[in-house]
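Keep the 3D view open as you read.

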Amino acid sequence: MTTPLAPGAVLGFIGLGNMGTPMVRRLVEAGYTVRGFDTDPAARDRIAGLGAEPVAELAAVTEGAAAILLMLPSSDVVEHVLDEAGLLDAATPGTVLVDMGSSRPHSTRMLADRAAGRDLRMVDAPVSGGVGGAEAGTLTIMVGGAAEDVARVRPPLDCLGGKVTHVGGIGAGHALKALNNLMSATHLLVSSEALLAGREFGLDPAVMLEVVNGSSGRSGSTEAKWPNFVLPGTFDSGFGLRLMLKDMRIAVDLAEETGWPALLGEAAVELWAKAAEELPASADHTEIVRWLTDTHEGKEERA
Ligand code: NAD
């Protein structure tokens, strides 16, 4: 019998970065007891101020926790945390592990099998909506896993997301998230190319956005990324360029495997990879526009 994890339950949370920190805040505000771990002591200090309990040892997040949420950078890190760092050994049988980062679906399935071997359950629940969505509790959450496990973690997911959809079996959420980001990154690139060319022609970018957003060229990039992070010149969405590239690569690999290779997607990956080489490691993904501009201006100077 599945008992949904209502507020009052203890949750472990691993990965207290740009997304994890506001997510922990929402869970605490909803009445959950949250025990959080991050390898970065500054990240642990941040959640102490939010009413959560930071723990300095990974195994301590498992104490009394019926579910452990992970918001880590990549599958490699998730594999490390579950395996070498010992989460699979430390977690109490019956615990649901919820990977909310953007991971590789095959890795997720492999980890779910390993978890099942220790009587642990696994759900993938990656998110879309950025730091703003995490702060407001309006994330779109795409969930993969067995129905009874999803039902168990549904209440905390509902605290974090405005739209929580069970999209299939284990790994399905991660597949959909990667495909979503391939679309998002490709939109951002092509929208930016068009907007930069229009600006060169003499059009005002703000006017172009106003018109495009009422036309068929609109996308999340023209509706949110350009107006909020590019036009004001802040480039501070809180989603790293390298994280976006990781997701795009997951998606093109998945497309290739299905026999439906993403030819335009692969071209986009090549450009994003070049940008990742040339921009600082900490670059925000919206800085792809800065990179396009610099690349163009460099070419002009060399001509
Ligand atoms: P981030 O780099 O800000 O945070 C990751 C955190 O994980 C850091 O605090 C880091 O110290 C911690 N960490 C790394 N290795 C660890 C380990 N071995 N043990 C414990 N903690 C460890 O990343 P983020 O922007 O919060 O993204 C997290 C995940 O969410 C990624 O998979 C990303 O692709 C996805 N995502 C991010 C956004 C966004 O807007 N930032 C949106 C949707 C999805």
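## Ground rules

This is a predicted model, so local features need pLDDT of at least 70 and side-chain atom pairs count only at pLDDT 80 or more, while totals for chains, interfaces and linings use all residues. Residues are numbered from 1 along each chain as its sequence is written, and side-chain values use heavy atoms, with hydrogens and water left out.

## Two domains

The protein chain splits into domain 1 (10-169) and domain 2 (175-302); these bounds come from an automatic or database domain assignment. Their C-alpha centres sit 28 Å apart. Domain 1 puts 14 residues into the contact and domain 2 puts in twelve residues, where contact means heavy atoms within 4.5 Å.

## The largest pocket

Rolling a probe the size of a water molecule over the atoms shows where empty space is left. Here a pocket is an open set of points, on a 1 Å grid over the protein atoms alone, where a 1.4 Å probe fits, with protein on both sides within 12 Å along at least five of seven lines; lining residues have an atom within 4 Å of a point. A volume is the space filled by probe spheres set on the points, with grid points joined across faces, edges and corners.

The largest pocket holds about 1,000 Å³ of space. Both domain 1 and domain 2 give residues to its lining, so the largest pocket lies between them. There are 48 lining residues, and Met-19, Met-71, Gly-238, Phe-239 and Leu-243 lie nearest the centre. By class, the lining has 20 nonpolar, 23 polar and five charged residues (Ala, Val, Leu, Ile, Met, Phe, Trp, Tyr, Cys and Pro count as nonpolar, Asp, Glu, Lys and Arg as charged, and the others, Gly among them, as polar).

## The second largest pocket

About 350 Å³ of space lies in the second largest pocket. Its lining has five nonpolar, three polar and seven charged residues. Helix H13 (288-302) is among the suppliers, and H13 gives the most, with seven residues. Helices (H or I, at least four residues) are DSSP runs, numbered from the N terminus.

## Two crossing helices

The axes of helix H8 (residues 172-201) and helix H12 (residues 263-278) come within 10 Å and cross at roughly 70 degrees. Axes are lines fitted to C-alpha atoms, for helices over the stretch in contact, and angles run from 0 to 180 degrees between N-to-C directions. H8 and H12 are therefore roughly perpendicular to each other (that is, 65 to 115 degrees). Their contact has eight nonpolar, two polar and one charged residues.

Technical notes. Angles under 35 degrees count as roughly parallel, over 145 as roughly antiparallel, 65 to 115 as roughly perpendicular and the rest as oblique.
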